[in-house]
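Hi,

Here is the structure I said I'd pass along.

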Amino acid sequence: MSFAQLKSFRSTKSFVQPSINRYVSSASSEQSSESSLLVKKLVSNIKVAREEGMYSELPDFVEIRQSEETGRGIWTQSPIRAGSVIFITKPYAAALSSPKLKSYCSCCYEQTSQNGLRRCTKCRLTHYCDSNCQTNDWVIHKHECASLQNWSQAAPSSDYPPPSDAIRCLSRMLWKMRKQGPHARQAREIASMQSHRSSLKPSAYETHTYLAHSLVQYLGLSSPGDMEQYSLSSATDLVDTISRFVTNTFTVTDPTLIPLGAAVSPVVALINHSCDPNAVVVFPRVSTDPKVQEPLMQVVAIRDIHPGEELCSCYIFLQAFILTSYIDATLPTNLRQQALNETYNFECKCHLCTSTGLDLRASLNCPKNCGGSCPLPSDEHALVRCSKCKSVVRSVEAASDALRVGQEGLDKANNLQFEDPGKSIRLTTNLIPILTSAGFPPSAHPLLGLARLHQQLLTSSFPNPLTQEHLDETIHTATTNVAGLTALFREGHPVLALALAELGKLLAVDEPSPRTTNTSVIYPPSGLPRLKLAYETLLRARKMLLIGFGVTNEGGQVGKEVREMIVALEKEIGVFRQGVKNVLEDTPKLKA
């Protein structure tokens, strides 16, 4: 079970159960005066923290400030260009998700075939690139190893899953804090992370209680006194720690943004959220010594960020506020707000969420195909018109039904993509035409989600030998996804950059059965026109990758791969043209 999928907990007896349940149930009754005192305390702590060397990873041109609207955050005092790496840090603690444990190194997070990894002979669960990575990780894994062995021995069956990445990451965090001591710089940074225990919502009780029970069991705590070694003197402290973890955890990804696990970084946690961010947290994997340095989190500006205004007014200017996105920004506003409220306990007030304009994530094509868009029908607005030509959408019920069916199908297809990919791809294949015929554009949810999943499934199921039909269907789907993402994201957003790179790579794949005749109306083209399109797409992708993953990083690992492909395509196109020229020169001219 991954961190994002924590939906239930095992009903095992625990000494923390009565205290935690009683505490989280009464959280809503606490007085607001505590929040006011907390804000005042944070304001004073910010200044002290910087003076005492906390958050040393932050560059001199940014500073921590306190806003009444968004709480603590990072403001810039100098202009930051798009594509600039603002700062780099290694997670304080991280853990691979269970499905990745066999194919990724648990120290440096390098992907390797299972045969190329060294497995821990004691817990038989973690794997490493070599003895160096195993030695580097042993300082924490020696505690983890014992807990994993105890967990395995207590499991009801041999196929019982290991603890989730959330439990293992949280435990690694506590073991490290215990080793460093509560007064160490990084331990104090962890302790200063935002906790929402005083305002927990009922929807969060289940997750917090599950984590508490699992953590106590995994750490082998048998009495309240056992918690003191982790500077936890009560169930209240335990709930605080879990709330800080849930609120401030990031997803570790590979260079293509594929999730690998969970990570905690108190300095990155200072960055507040916007659904339309001006900065992103990525893992480009370009360090000079990856076995020692990786995984490295890099905060990269994806648009120009301007200096802060004077202190009396700069809090309200998003241009000077470094903001990242915590959730899937392709979701419509209501779903983003729901996810943020349930997981992070706040209502986003970025311009994307507060805008009264048409949201392309929740829209329909104009019924008269004028090029305009229509809002999705709702209970409050059953009559919807095109924003451009004002034509009325007549098939409102069909659109509503397609939305419902599409959302249910997307949820099912996502759940089945690993355990039954064949059924998952049948769902996406059947649902995409339904939504398209109902008038949903490529940018609309859930069509975009279904199309992105469909592309992943098609790519992972390339037949051997590859067929022209399968390749062209994948290219069609990738092109649709690029169109949808282009409508939603700014140039340089890493999600859009990677989508373009994937499309360019698909176009550059050798055609199994190229067409003998080529016309401009057939997509994708064949032969030289396809190579040219691949080249142009990869050039555009590289430009965006330099922004989304950092100019100094050369666009990250993917950016370097794309650059090599561009050079190879230039040569291939040159050879192709020269071959055509030679054929023409060798062909005898027809006599008049």
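Below is what I found, starting with the salt bridges.

Keep in mind that this is a predicted model. It holds 15 salt bridges. One of them joins Glu 57 and Arg 185, with the closest N and O atoms 3.9 Å apart. Glu 57 sits in the loop between helix 2 (32-51) and strand 1 (62-67), while Arg 185 belongs to helix 5 (residues 185-191), so this pair ties together parts that are 128 residues apart in sequence. Glu 57 is partly exposed at 23% relative accessibility, and Arg 185 is partly exposed too, at 27%. Together with Glu 189, these two are linked in a network of salt bridges.

Another salt bridge pairs Arg 172 with Asp 137, at 2.8 Å from N to O. Arg 172 is in helix 4 (residues 165-180) and Asp 137 in helix 3 (residues 131-154), which puts them 35 residues apart. Both of these residues are buried.

Then there is Glu 554 with Arg 563, a salt bridge at 2.4 Å, N to O. Glu 554 is partly exposed at 28%, as is Arg 563 at 33%.

On the surface, Lys 368, Arg 385, Lys 390 and Arg 394 gather in a patch of positive charge. Arg 394 lies in the loop between strand 14 (373-375) and helix 11 (396-416); with a relative accessible area of 74%, Arg 394 is exposed.

Last, take a look at Cys 353 in helix 10 (residues 351-354). Cys 353 is buried, at 13% relative accessible area. Beyond its neighbours within four places in sequence, Cys 353 is in contact with Cys 275, Thr 333, Arg 336, Gln 337 and Cys 348.

Cheers

Conventions
Residues numbered from 1 in each chain as written. Predicted model: local features only at pLDDT ≥ 70, side-chain atom pairs only at ≥ 80, totals over all residues. Heavy atoms only, no water. Patch = residues over 30% accessible without salt bridge, like charges linked within 9 Å, V, L, I, M, F, W, Y side chains within 5 Å. Areas by Shrake-Rupley, 256 points an atom, 1.4 Å probe, with all protein chains shown as cover. Salt bridge = Lys/Arg side-chain N within 4 Å of Asp/Glu carboxyl O. Lys, Arg positive; Asp, Glu negative; His and termini not counted. Charge placed at Lys NZ, Arg CZ, Asp CG, Glu CD. Helix = DSSP H or I, 4+ residues; strand = E, 2+ residues; numbered from the N terminus. Buried < 20%, exposed > 50% of the residue type's maximum accessible area, 1.4 Å probe, protein only. Contact = heavy atoms within 4.5 Å.
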